[in-house]
Amino acid sequence: CTVMISTYNADSKKIRHYPANSCLLPLCSLYGLAVTTVEGVGSTTTKLHPIQQRLAKCHGSQCGFCTPGMVMSMYSLLRNHPEPSMEQITAALDGKPAFSLSLFGSLCKPEEFHPRDPTQDYIFPPELMVSDQSSINISFSCLRSSSKWHNINMYNTKGQLRALPHSPISQNIKAENPTISFFQLHLCLHVQTDQKMPDVLDILLSLVPELPAEKTKIYRTLLKQLRTLAGEQIRSLASLGGHIVSRGSVWDLNPVLAAGNAVLNLASIDGTRQIPLNDEFLTKVPEADLSPMEVIVSVFIPFSKEDEFISAFRQAERRKNALSVTNSSMKVLFQPGTDVIEDLAIFYGGISDTTVSARNSCLKLKGRNWNDQFLDEACRLILEEVVVSPSAPGGKVEYRRSLLVSFFFRFYLEVLHSLKMMYPFQYPDLPKEYMSALSEFQEKPPQGMQIYQDVNPHQLPQDPVGRPIMHESGIKHTTGEAVYVDDIAPADGQLYMAVVTSTRAHAKILSIDTSNALEEPGVVAVVMACDIPGENGDADEKVFAEDEVIYIGDIICGIVAETYECARNARSKVKIEYQDLELILTIEEAIEHNSFLSKEKKIEKGNVEDAFETVDKILEGEIHVGGQEHFYLETNSIFVIPRKEDKQMDLYVSTQDASNAQELVASVLDVPANRITCHTRRVGGAFGGKGLKTSYFVAAAAVAAHKTGCPVRFILERDDDMRITGGRHPLWGKYKVGFMTDGKIKAVDLEFYVNGGCTLDESELVIEYVLLKCPNAYDIQNFRCRGRACKTNLHSNTSLRGFGFAQAGLSAETWIAAVADYLYLPHDEVREMNMYKNVTETPYKEEIDPTNLVVCWEECLEKSDYYKRRQAAEEFNKQNYWKKKGIAIIPMKFSVGYNETFYHQAFALVHIYLDGSVLVSHGGCEMGQGLYTKMLQVASHELKIPLSYIHNYERTTATIPNAIVTSGSIDWSNRYFPCYPTNMDWEKGEGHAFPYFVFAAACSEVEIDCLTGDHENIRTDIVMDASFSINPAIDIGQIEGGFIQGLGLYTMEELKFSPEGELYTLGPDTYKIPAVCDVPEHFRVYLLPNSRNPIAIYSSRGMGEAGVFLGSSVFFAIRDAVAAARKERGLNRNFTLNSPLNVERIRMVCADRFTEMVKTFPYKNPSSSILVLFNFSGIYIFTRLGTYYPAMPGLFEKGLVCVWMLGNISVVICHAMS
């Protein structure tokens, strides 16, 4: 939704362009500004802009849903900077999802592109330059509500503040002073608070080089924080004043301004005054706050002093476009020429509702010398004074407390280093190994390399098979002309639907009162289970909940209205009464209550028990792998149009399984399937999440259309989509491994449980895949695995790219690592020793030829310079205590397809017209995986006609009935030939479960920051056996995108639920997927040459899902770095890391003096106001307790808040206590 906002500055006579999220901008706020959308950049009917041409031809789009945003971000950059640097280009893409990465690679040739033509750009509207728009007072009123918007120039012609309207909007009025932007005094910088963040950035960038370095310390600190503040689109139109006055706890600039003694200039109709931007202002103490009718006009930022030092720190789940977990700014002023503290200021954000100050600690530390004794006392005082609430949003209490002292330690070292630079003969050098604590990771533009085998030189030039053909919709992706469901024009009489979902995870429905909702203006109907003429869903799941709800998000009814806003607002008017039932949320609870979705399944090879008797050593352990949200950019989208005759209905759906949607709607409406036609032109990302569950959304909309007789549009908002739909299954795995002292593994016994959620969905298939794929690439002669899918009261988890193997593969590499650690052997040596080497059988007795697995492994070792870089990493680790590098190489045996033959069947309908043109219809859905492009290539090759003669028709059940779901990495182009016979007998635990295997190896190198848990992805090399690739560009894009999605699964993405089963991580502000800043600095993909797959069309292989697991190479590279840190600290080498391996887990497992301080210095309750009720043998006692210890990480989600200590008595405080 990115657009370009253009403004004209009457003083400088310059036009400035900003990228902005249109969904966050009230239209009224754009009065006097120019707006350019992607349609204004270029189109297929006019002329493509070079950005659009390059992005499409360089394979920079996949599903295309986010591509217009990429285009607009780069276009805005080019309008401001016609010749941008690579750093500026990377910054312009801050926070953008990294699903497609070939833009940074070598799959395009620059000489193929036309240069930029400035005459193609729209000019800024002259009428907006003639008059001063900011001097106009204008008001807007909303036709459908009582809302009003006022744009007010708050200054009269004499520069005096006007009286503000007496209305609720007074606190949100935008201050306009067009005559002054900023000016410099002798002692400070004066910045107008209506300055946009990019303008503030420009001011600081221009000012810093002109002033002596000692005066600009605070400005350089502000610059550092500005570069990571939000994303480019949000930062572009955010104002400094808005940032200051909103005083969010995680706002990064306020602590810096407070530490720098900034002063706020306020104005009202009564006059002007100044207040300090200090801790009292930030905590909203009334005496230090704005009065109701005051506005912030400007902020004075003093120059720094010679003996003054200021720094700022932040740590987030993702380096760019993410709110801080904790941020801080610290300043110290020394008595001239000494290290005696004259003044000290310490501010923290992200640990409370507001920014807090360690004021008392600073007062106690004044007059102290800046030395090690001071450091220890300062850390103790900070930990005692600054309280992190056990119920802080996002949890991570122990981690946040560790950051309090980790940040201060870094500040302490920075100041020591600066003192040494200023007075080289007065202070000793910092220990060399501590120097690494001073530096923070610097973003570098990613560089890609893609190597593949070209087609035979004798192949005809017009034959496209094997060539990197551009995505068939690539140009339309970049111009915004690609039509998705919500782009379909409104139909006559169209209505909108929003759903009312359960607020209880497990409860009986006692009553549903919709009368108030029906009285709302614009509401047409409420649909629920009683309105369904046929079946309410199927045996697995209901369309509308009737008597019982089984998870938070269970759909109870739908509100149908004339506008979506009306439908959404009316949801709160529906009154539902519940009676709570027993709640099961976790795998452990499900096991305890014997709550399962399927029977236990098992695979066994050899004699495991006998083998355990003969091995040298047995290790046992477990691993937890968290879930993952699909986070497709296009949420579930449905548009249903009832026809006027024969009960026919057209369904326009963003789905992977059009036939299933058709079948379910026909059953729900009690009509034959031939009356229901499902259409899917393209899907804006799916990853497995738009299969079964989407069909229930379609059915709900179809019931609404049936009841009202009108077309119904049902587009889920992001929060609803995440709340209602499930994702990747969390897994709990237990292992028992028997091995010899040389590292050879003789026996493995595994037990797995996955959290399936409230209904079966794909959970049985997932646990089957976990068992079938859990050995990964390792040939274990005595092997046993068992598994079950647990039934809980969470949303129903489903398939997600690489499902089953992504979790089970990580488990395999964990027990391999455990063996290597125990024996003090290199991990790569133990992996190679136990890999498949010769033709043999899998544990389920399917033959496997691992020749190319070995080749991939050896090629990856060579191309990555693994041994040389391994040695370099070890040398780096010897010289750096607070930064550590790690490197890991991981083999992969990925099983493609399904273990039942019917999943591999498909067919196509080809129309050949008299003019020679061809229309191709088939049962596959285009989701960004390039299926339609490959189908065009296959048709062109087989019919021996140019690509331009062929057109892909939309996926529709009218032409292709009963098609199988598009998923599982099986290319539909592969289905053009006879299907693959597969089978699996679970009674015997054997079968020919998969058509073929995909082999690969990946090597990744990282660097971690032991003080914060942050990490940097330095380099990744992937060698993949794609055999003969039908389209190398598409296949490499799938490998890269899959790898990045795996990177998110294993290192970043985390789902958090409340003890009541409510999903906390709803939306992009709390759930972080990888962005461009997370792409490895060097990312190289090699397709193995001279490889063939005789059972597939043109000897190709499916690449859609295999890349996900390769992201685990980053996980184990981080583990390698952590092991180096733990070894140096004298900690146990045998440890288990769970997934996701995020900043919190990395920091806390790199235990050191500061994490020990967190345990040593518990909280002191400053007010001693908490009353606790004890029950001793029926005697109830109230008491006050002043010291408590926070819950260990991970326990907060299970309900544990803290443990109170009173002498020898421990009291556990849980959420359930009243």
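**Entry 1: arginine 314 and aspartate 252**

I began with arginine 314, and apart from residues within four places in sequence I found it in contact with Gln225, Thr228, Asp252, Arg319, Ala322, Leu323, Ser324, Thr326, Asn327 and Phe407. Contact here means heavy atoms within 4.5 Å. I note that this is a predicted model, where local features need pLDDT of at least 70 and side-chain atom pairs pLDDT 80 or more, while totals for chains, interfaces and linings use all residues. Residues are numbered from 1 along each chain as its sequence is written, and side-chain values use heavy atoms, with hydrogens and water left out.

I looked up the record next: UniProt, in an unreviewed entry, places the feature "binding site" at Asp252 and Arg314. Such positions are given in the numbering used here, feature names are shortened, and annotations may be inferred rather than shown by experiment. The two sites are spread over 63 residues of sequence, yet they cluster in space, with a largest C-alpha distance of 7.4 Å.

Is arginine 314 buried or exposed? Arginine 314 has 13% relative accessibility and therefore counts as buried. Aspartate 252, at 2%, also counts as buried. The cut-offs are under 20% relative accessible area for buried, over 50% for exposed, and partly exposed in between (1.4 Å probe, protein chains only).

I found aspartate 252 in the loop between α8 (240–246) and α9 (253–259). Not counting residues up to four places away in sequence, aspartate 252 touches Gln225, Leu229, His243, Arg314, Ser324 and Asn327.

**Entry 2: the sheet**

Arginine 314 lies in strand β11. Helices (H or I, at least four residues) and strands (E, at least two) are DSSP runs, numbered from the N terminus. I traced an open sheet of 4 strands, in the order β11-β12-β13-β14, with antiparallel pairing. Two strands pair if DSSP finds at least two bridges between them. β11 (308–316) and β14 (356–357) stand at the edges with a single partner strand each, so one side of each has no neighbour in the sheet.

How many bridges join β11 to β12? I noted 9 bridges between β11 and β12 (residues 324–334). Glutamine 315 has threonine 326 in β12 as its bridge partner.

**Entry 3: the cores**

A nonpolar core is a set of buried Ala, Val, Leu, Ile, Met, Phe, Trp, Tyr and Cys residues joined through side-chain atoms within 4.5 Å. The largest one has 170 residues, and those with the most contacts inside it are Tyr348, Trp370, Phe408, Trp815, Met892 and Met1024. Helix α13 (residues 397–422) gives the largest share of this core, 14 residues. A second, separate core has 41 residues, including Val499 and Ile676.

**Entry 4: rings**

Rings of Phe, Tyr and Trp (its six-membered ring) pair if their centres lie within 6.5 Å; planes under 30 degrees apart count as stacked, over 60 as edge-to-face, and the rest as tilted. I counted 41 aromatic pairs by this rule. Tryptophan 732 and tyrosine 753 form a tilted pair, 6.2 Å centre to centre with 35° between the planes. Tryptophan 732 is in strand β28 (residues 731–739) and tyrosine 753 in strand β29 (residues 745–755), so this pair ties together parts 21 residues apart in sequence. Both residues, tryptophan 732 and tyrosine 753, are buried.

Tyrosine 866 and tyrosine 867 form an edge-to-face pair, 5.3 Å centre to centre with 75° between the planes. Tyrosine 866 counts as buried at 2% relative accessibility, whereas tyrosine 867 counts as partly exposed at 48%.
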